[in-house]
Amino acid sequence: MQVDGTCHCGEIAWEAEIDPQAVLVCHCSDCQVLGGGAFRWGTLIAKEAFILLHGSPKLYRKTAASGALRDLAFCGTCGTSLYGTHADHSTTLSLRLSGARQAPQLRPAMQMWTASKISWLDSLCDLPAIEQPMP
Ligand SMILES: [Zn+2]
Ligand SMILES: [Zn+2]
C-alpha cells in the first residue's frame, strides 16, 4: 500500500510502500518521551521503500536498550518524528505513521513492549469525551 505524509510545518514530505497488515503500536518508554504521546505507531519497511520528496530530516542518535545505536529522524523546524533506523547497518527503517495522510486507515495488528505500556490506556474509552475544540 502506498502512503504519504508530511511533517507538521510541511518542510518535509515523504512517500512509502508499506504492508498495511504489519502496522505496530510501540509502548516503549523512548516512544512515549520522544513521540510526546502514550504510544507511537508505525511499521518496519525496507529502506528503499521510503522516498524523501523534499526537506532534510535532522537525526538524533540514541542508544537502544539492546545497546544498538539508532538514528531517529525528525523535522528540525517543527519536531515531527519521521522514522528510526539502525545507525550502522540500516537496511530497514521504522516509519512513524502519525504523519501519514492515510493514518486513520492504518489499524495496528500488534503491540510491542507492553511492559512499559501506560497503565490507564485500557480505560481511555470509558472517560468523558469532548468531540471538538470549542470555537
Ligand atoms: Zn516540519
Ligand atoms: Zn518504541
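β1 and β2 pair in the antiparallel sense over five bridges, where pairing requires that DSSP finds at least two bridges between two strands, and strands are DSSP runs (E, at least two residues) numbered from the N terminus. This is a predicted model, in which local features need pLDDT of at least 70 and side-chain atom pairs count only at pLDDT 80 or more, while totals for chains, interfaces and linings use all residues. Residues are numbered from 1 along each chain as its sequence is written, and chains are lettered from A and ligands numbered from 1 in the order in which they are written.

**Sheet**
- G5 has W14, in β2, as its bridge partner.
- The open sheet consists of three strands in the order β1-β2-β5, with antiparallel pairing, and its edge strands, β1 (2-6) and β5 (50-54), each pair on one side only.

- Leaving aside neighbours within four places in sequence, L82 is in contact (C-beta atoms, placed from the backbone, within 7 Å) with C7, I12, W14, P57, A73, F74, C75 and R96.

**W113**
- W113 lies in the segment after β10 (110-112) and has a phi near 55°, a positive value in a residue other than glycine.
- W113 is partly exposed, with 16 other C-beta atoms within 10 Å; by this count a residue is buried at 20 or more, exposed at 12 or fewer, and partly exposed in between, with C-beta atoms placed from the backbone.

Methods: Contact = placed C-beta atoms within 7 Å. Helix = DSSP H or I, 4+ residues; strand = E, 2+ residues; numbered from the N terminus.
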